[in-house]
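Please open the model in a viewer and keep the selection panel at hand.

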Amino acid sequence: MADAAVDGTRRVLVAADKFKGSLTAVEVAERVTAGLRRVVPDLAVEALPVADGGDGTVAAAVAAGFERREVRVAGPLGDQVTAAFALRGDTAVVEMAEASGLQLLPADGLAPLTASTHGSGELLRAALDAGARTIVFGVGGSATTDGGAGMLAALGARFVGSDGEPVAPGGGGLADLASADLSGLDPRLSAVELVLASDVDNPLTGPKGAPAVYGPQKGASPADVEALDAALAHFAKVLEGTETVGARAAEYAASPGAGAAGGIGFGAMLLGARFRPGIEVMLDVLGFAPALERADLVITGEGSLDEQTLHGKAPAGVAAAARAAGKEVVAVCGRLALPAEALGRAGIRRAYPLTDVEPDVAKCIADAGPILERVAEGIARDFFS
């Protein structure tokens, strides 16, 4: 492994994402630390839970020293929910899944046509109220496909039908949109740096757009996907006819990231957001670079290491940054679906899946914590004994 620190102390940085459905990123770090220290009691371990902009992003920021702020906002179906954002100084981390996430709906209560991002706009407004001048807007895990219309409405935009009344919430309601007015948007937005943090680069509509690619996982039938795609295209066309947006609407709709989280990326671009890969943004915000400098070995990971991991997910971002700094990286995971060559190209020397310790996948999910500790013991023996 890499040379030990100057003072001779061996240092490990645990920078892993959540194991979705089993462990939060904070719990992953705790379990890995416990396993390492069971084998090497004096091992210096620094935990920096990470996220790529999706669910768990606020928790990662809080673990890195941000203050957790809670507010009551509209959930995806309009009912009130408690949502959190993170604040440190004048930088806020806002996670749209806190207000508009799929996890807020029961499995049998998905609403692909009517779920709204209104609560996400309320979260952004709460960050403005708290004095934020830089807002990292993590998007992912959404229940919505409304192009960010609900978010924009919460921030002062008006979207009305031919009867002069606001259109119904959700992507389905945009089919009835007759006119859009963004002149009432919160003026504080013009003085804020808004960073759209996402791990997807889909456009708003079309074969690779938000409805086609992500609609089905939100309960959309083939007919719903078709209706949503047409409604979002209509939304962009109406905006193209406004003085405040004009030709930029078509440009934004075709831009990478516009289709993120049901098209909320498009809505964020209308607010002046700058798109950046979520993990890159979060590593900056969390202070990854100085933590990496102190480490001899980096342990990253997530629930499933697969092809998706290589396309902007947290472990790939951590490994790329660590490799650039000449640090050795291993990964922990619940399930491993990548060959050794792919791991090597990503900068990961070796992966340690829970299934190496417990072949029963159901047990790995149910007892992920204790099994992960045993996996970490194996890492300690391989690298420090």
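**A guided tour by selection**

Where pLDDT is low, the predicted coordinates should not be read in detail. Over the chain, by comparison, the mean pLDDT is 95, and 98% of residues reach 70 or more.

This is a predicted model, in which local features need pLDDT of at least 70 and side-chain atom pairs count only at pLDDT 80 or more, while totals for chains, interfaces and linings use all residues. Residues are numbered from 1 along each chain as its sequence is written, and side-chain values use heavy atoms, leaving out hydrogens and water.

Next, select helix 7, residues 222-240 (helices are DSSP runs of H or I, at least four residues, and strands are runs of E, at least two, numbered from the N terminus). Its buried residues (under 20% relative accessible area, 1.4 Å probe, protein chains only) are Asp-224, Val-225, Leu-228, Ala-231, Leu-232, Phe-235, Ala-236, Val-238 and Leu-239. They lie on the same side of helix 7 because they cover an arc of only 160° around the axis, taken from the directions from the helix axis to the C-beta atoms. Turn to the other side for Pro-222, Ala-223, Glu-226 and Lys-237, which are exposed (over 50%). Among the elements covering the buried residues are helix 5 (149-154) and helix 9 (260-270).

Notes. pLDDT is the predictor's confidence in each residue, from 0 to 100. The expected span of a helix is 1.5 Å times one less than its number of residues. Contact means heavy atoms within 4.5 Å.
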